[in-house]
Amino acid sequence: MMTLLEAIDARHSVRHYVSRPLEQEFIDRLQAKIDECNRVGNLHIQLVVNEKKGFSGIMAYGAFSDVENYIVMAGRRADDLDERIGYFGEQIVLLAQQLGLGTCWAGLSYRKVKGVYDLAPDEKVACMISLGYPDDAGRKHKCKSVAEVSNASAATPEWFEKGVRAALKAPTAVNQQKFYFEYAGVKNGRHFVRAKRIFSVVGYTQMDLGIAKLHFEIGAGKDNFEWL
C-alpha cells in the first residue's frame with residue numbers, strides 16, 4: 001500500500017464514480033479509521049454506503065455522478081469544530097486513497113437524507129465527502145509558491161519546507177489556499193511552528209487549515225516540531 005506522502009501526491013478530487021459496491025474489507029478499514037477519528041477528535045463522523053440520494057440534489061446535478069457512498073462529517077457545535085473536521089476528515093481521505101478509492105470534499109453539493117445517519121440535538125453536519133471507485137482521471141490545480149504561504153528560507157529547517165510543500169497539496173475550497181505557516185524558532189531544543197488562516201469571502205478557511213495542518217505534519221514529520 002502506498003505511503004501517506006504517496007497518497008498526498010496521488011490524491012485529487014473525484015466527482016464521477018463507477019457504480020459498484022465497496023468491498024467489505026474497505027468498508028471495515030474505513031470504519032475502523034472513522035471510529036478512531038471520532039474517539040480522538042471528539043466527532044460524530046458516519047460512513048454511509050449504498051445510498052444514492054445524498055449527492056443527487058439540484059446542487060450536485062452535473063457536478064457529481066454515481067455517488068453511492070459518502071462520509072458525513074459531523075460533530076458537536078464548537079469554535080474549533082471545522083478545524084477538527086478538516087484534520088480528521090483528511091486522515092480518512094488519505095486512507096481511501098491508499099485503498100485505491102476516490103473522494104471529494106463537498107461543502108454544498110449534497111443534501112441531507114433523513115434516516116441514513118443520526119445527529120444529537122447539539123450536533124451539526126459541517127460537510128460531506130463523496131467516496132467510491134473513481135471514474136474521473138482528475139486534474140492538478142495550480143497552487144501557490146512556498147514563499148506565498150510560509151516564511152521558509154535558507155535559515156529554516158529542511159523539514160519545514162517539506163511540510164509546507166505537502167500542505168500546498170492539500171485540498172481547499174475553490175483551491176483558495178488561504179493559510180500561512182510560520183517557523184517560529186527553537187527553544188530548549190524544541191522547534192515551533194505557527195499555522196494561521198487568512199480571511200476569505202468563500203469561507204471554509206478553518207476547515208481548510210485543519211486539512212493543511214495534517215498534510216504539513218506528514219511532510220515535515222510530526223516529531224520534528226510542536227504547534228504554537
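Start by selecting L4, K33, Y87, Q91, L94, L95, Q98, L214, E217, I218 and K222: they line the second largest pocket. A pocket here is an open set of points on a 1 Å grid over the protein atoms alone, where a 1.4 Å probe fits, with protein on both sides within 12 Å along at least five of seven lines; lining residues have an atom within 4 Å of a point.

Before you click on, note that this is a predicted model, where local features need pLDDT of at least 70 and side-chain atom pairs count only at 80 or more, while totals for chains, interfaces and linings use all residues. Residues are numbered from 1 along each chain as its sequence is written, and side-chain values use heavy atoms, with hydrogens and water left out.

Still in that pocket, colour α3 (81–98): five residues, the largest share of the lining, come from this helix (helices are DSSP runs of H or I, at least four residues; strands are E, at least two; both are numbered from the N terminus). The space there is about 160 Å³, counted as what is filled by probe spheres set on the points, which are joined across faces, edges and corners.

Next, jump to S13, P171, T172, V174 and N175, the closest to the centre of the largest pocket among its 35 lining residues. This one holds about 890 Å³. Show α1 (4–10), β3 (102–106) and α6 (205–220) too, as each supplies at least two lining residues.

Last stop: keep V174 selected, in the loop between α5 (158–167) and β5 (179–187). V174 counts as exposed because its relative accessibility is 66%, and exposed means over 50% (1.4 Å probe, protein chains only).

Technical notes. Buried means under 20% relative accessible area, exposed over 50%, partly exposed in between (1.4 Å probe, protein chains only).
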